[in-house]
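Morning, everyone. Please have the structure open.

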Amino acid sequence: MTTTTTPATGVSTLSSSGVFIRRSLLHSIRDGEGLLMAIALPVMLMLMFTVVFGGAIQGDGRYIDYVVPGIILTCAGFGASSTAVSVSRDMTAGAMLRYRTMPFVASTSIVGHVIASVVRNLVATAVVIGVAFAIGFRPDADLGGWIAALGIVTLWILAVTSVFAVIGLIAGSPEAANGYGFIILFLPYLSSAFVPIETMPDWIAPVAEYQPVTPIIETIRSALVGGEGQPLVSILWCLGIILVALVLAAWRFPRTPVR
Amino acid sequence: MTPVIEVRALQKSFRHQRVLNNLNMTIDGGVVALLGPNGAGKTTLVSILTTLIRPDAGTARVLGHDVVRDASTVRSLVRVTGQATSLDELLTGRENLAMLGKLLGLGRTATNRADELLERLDLAAAGRKAVRTYSGGMRRRLDLAASLIAPAKVLILDEPTTGLDPVSRARVWDDIRQLAIDGTTVLLTTQTLDEAEALADRVTVLHRGGIVADGTVGELTALVGGQSVVLVDTAGSVLERVETDGTRASVAAALERMQRDNGARVELRSPSLEDAFAKLTQIEEVAA
C-alpha cells in the first residue's frame, strides 16, 4: 500500500476512449460465442439467400450480384445489435456507478462499445465478401468503387451501432435492449436489399423507397456492380442518424438512474 | 484545519419522499461507520458525496471542495466501492485493476500497481483469471482493491461486507484497518453493529434522513444508560432482566429481586452497541 497522497488526476477524453476501446475489443475476442455468431450469422444468411432462395428468385440478371450488397448491410445490423446489450449491461451493473465517480468522462465507455462494434462488423463484412467471392460473386468494381462501397458500409455500421447504443441507454435491462434491436433488423427486408422495389405491392413500395436502407444499398450496389446510386442521400441519412443518436445519448446519459 | 467531509443542512427527496432531512455531519479523519436501518438514507448520502446525485438543498464538501460545483476535484479525491460490484466480468482481475488505474491517470505504471495490489491482498493467483469465475468474497475484495489502485484521500465503502462469509469478512476488515493505518479516511456504511464496533473510531447513527447520534462506541453505549442485571439459564437464554442506574445500591437491589434456582446464574451487563442502536432508532428490541 502506498502512502503517497497525490490524488488521481484522471485522463483526457481521448485517453479514456482509448482505454474503453481496448476493453470492448477484448470483450469481442473473449466472448467467443458472440464473435462466432457475429460472423456465422451473416454468412448463413447469405448462403440462404443465394443458394436456397437464389434459384427461385433468379431473374434475368445474376441474383448473387444483386443480393450481396444487401446482405452486407443486413449483416451490419446483426453485428451492431450486441452493442445495445453491452451498453445496457454497463448502465445497469455497478460498472457505470464507479466510472461516474472517477475523474474522466464516463460516457466514453460507450465510445468503446461503438468503435469495437465497427471493427467487429468490418471483420464480418470481410468474411461475407470472401465467402461471396467463393460462391460466385463477381463485381466489376475498380479500387475507387471498393473504397466508396466500404466507406458507405462503415458509415452505415457507425450509424446503426449508434442507434443500438441509444437503445442500450434507454432499455431497462440487457434483455430488453436485446429485444428492441429486432425492430431495426427488419429494415433491410423492407428495402431493395433482396428484391427490387418495383416487385412489391403498391402500398408498401413507398415505405421501402423512402427508408434509409434502400438508397444506401443502391449506392453500394452501384459502386460494386453498377447501376444508379444515391451517394449524397446515403451519406446524409447516415450522418443524420448519427446526429440524432448523439443528441439522444447526450440527453439520456446523465438521466439514467444511478441505482 | 479543513474537515475531510463536511455536510451542512443537506436535503434530498425522491418523489416527494424526504430521504435526507437537514443532515449535518463533520468528519476529520480515521474510520467512521455510518450506521442505520434500511431506508435511513445511507446510500443517498454516499451518492451525494461521490457526485452521483445532487442534493436538493444544503452543501457537502470533501476537503473543502463542493461536491456539486467542484465535482471533478471531488472525483479525484474520493474513491468508492458501492453495493453492486463494478467489475468487468470478461476481463481478468489484473486487467480490471490496470484498466481503472489507466483511467485514473497512472499510465504505464497501472499494471505494476495492479500486480502490487493483488500481491498485497493475496489475490495474485486469482488476478490472472476472468472475474466471472470468482466467488462472491473474491469479487468483493477485488472491488475494494479497485478503489485502491490509485492513492485517494477518502475511501467510501457502501456495505463492504454484505453477503460475505465470516472468513472473507475478516479479510476485508483487515484491509480496511490497514488503510486507516496508512492515513486514508474511511467512511463505511453498515447495517451490522459488530462491523461498526470492530472497525470504527467513530459511529454516526443515521435514522430517517437525519443523524440521531454520533460518537465513539463507548459514548454511544453510555447514551442508553446504566447496566442491567440479567438472569441467564444454562443455555444462555435471558430469563429475567432488571435495569439499574449503574449505582452499587441499585445493582444490589436488582440482585436481591432475582430468583436463583435451576442452575441459572446472574450476570452484570453493559449495554452493547446493539442496545444503543435499537434505542436510538426506536426499534423494538427482540428478546435474546
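Start with Thr51(B). Its relative accessible area is 11%, so Thr51(B) is buried, given that the cut-off is under 20%. Remember as we go that this is a predicted model.

Where does Thr51(B) sit? Thr51(B) lies in the loop of chain B between helix H1, residues 42-49, and strand E4, residues 57-62. Now check the backbone. Phi of Thr51(B) is near 70°. That is a positive value, and the residue is not a glycine.

Chain B has a second case to look at. Ala9(B) also isn't a glycine, and it has a positive phi of about 50°. Ala9(B) is placed in strand E1 of chain B, whereas Thr51(B) is in a loop. Buried or exposed, or something in between? Ala9(B) has 30% relative accessibility, so it counts as partly exposed.

Next, the sheet. In chain B, 4 strands form an open sheet. The order is E2-E1-E4-E5, and the pairing is antiparallel. Which strands stand at the edges? Strand E2, residues 17-27, and strand E5, residues 65-66, do. Each has a single partner strand, so one side of each is left without a neighbour in the sheet.

Strand E1 of chain B covers residues 5-14. E1 and E2(B) pair in the antiparallel sense, over 7 bridges.

Now over to chain A. How many helices and strands there? Chain A has 11 helices and 0 strands. From the N terminus on, the elements run α-α-α-α-α-α-α-α-α-α-α.

What about overall dimensions? The C-alpha trace of chain A spans about 75 × 40 × 30 Å along its principal axes. Chain A has 259 residues, and a compact globule with that count would have a radius of gyration near 18 Å. Chain A has 20 Å, which agrees.

Contacts and burial next. Take the contacts in chain A with a separation of 6 or more: residues 24 or more positions apart account for 79% of them. Of the 259 residues, 49% count as buried.

Last, the surface and the charges. Chain A exposes about 11,900 Å², and carbon and sulfur atoms supply 70% of that. The chain carries 13 positive and 13 negative side chains. How far apart are the centres of the two sets? They lie 22 Å apart.

That's my tour. Over to you.

Terms used: Residues numbered from 1 in each chain as written. Chains lettered and ligands numbered in written order. Predicted model: local features only at pLDDT ≥ 70, side-chain atom pairs only at ≥ 80, totals over all residues. Heavy atoms only, no water. Helix = DSSP H or I, 4+ residues; strand = E, 2+ residues; numbered from the N terminus. Rg over C-alpha atoms; globule rule 2.2 N^0.38 Å. Buried < 20%, exposed > 50% of the residue type's maximum accessible area, 1.4 Å probe, protein only. Contact = heavy atoms within 4.5 Å. Areas by Shrake-Rupley, 256 points an atom, 1.4 Å probe, with all protein chains shown as cover. Lys, Arg positive; Asp, Glu negative; His and termini not counted. Charge placed at Lys NZ, Arg CZ, Asp CG, Glu CD. Pairing = 2+ DSSP bridges.
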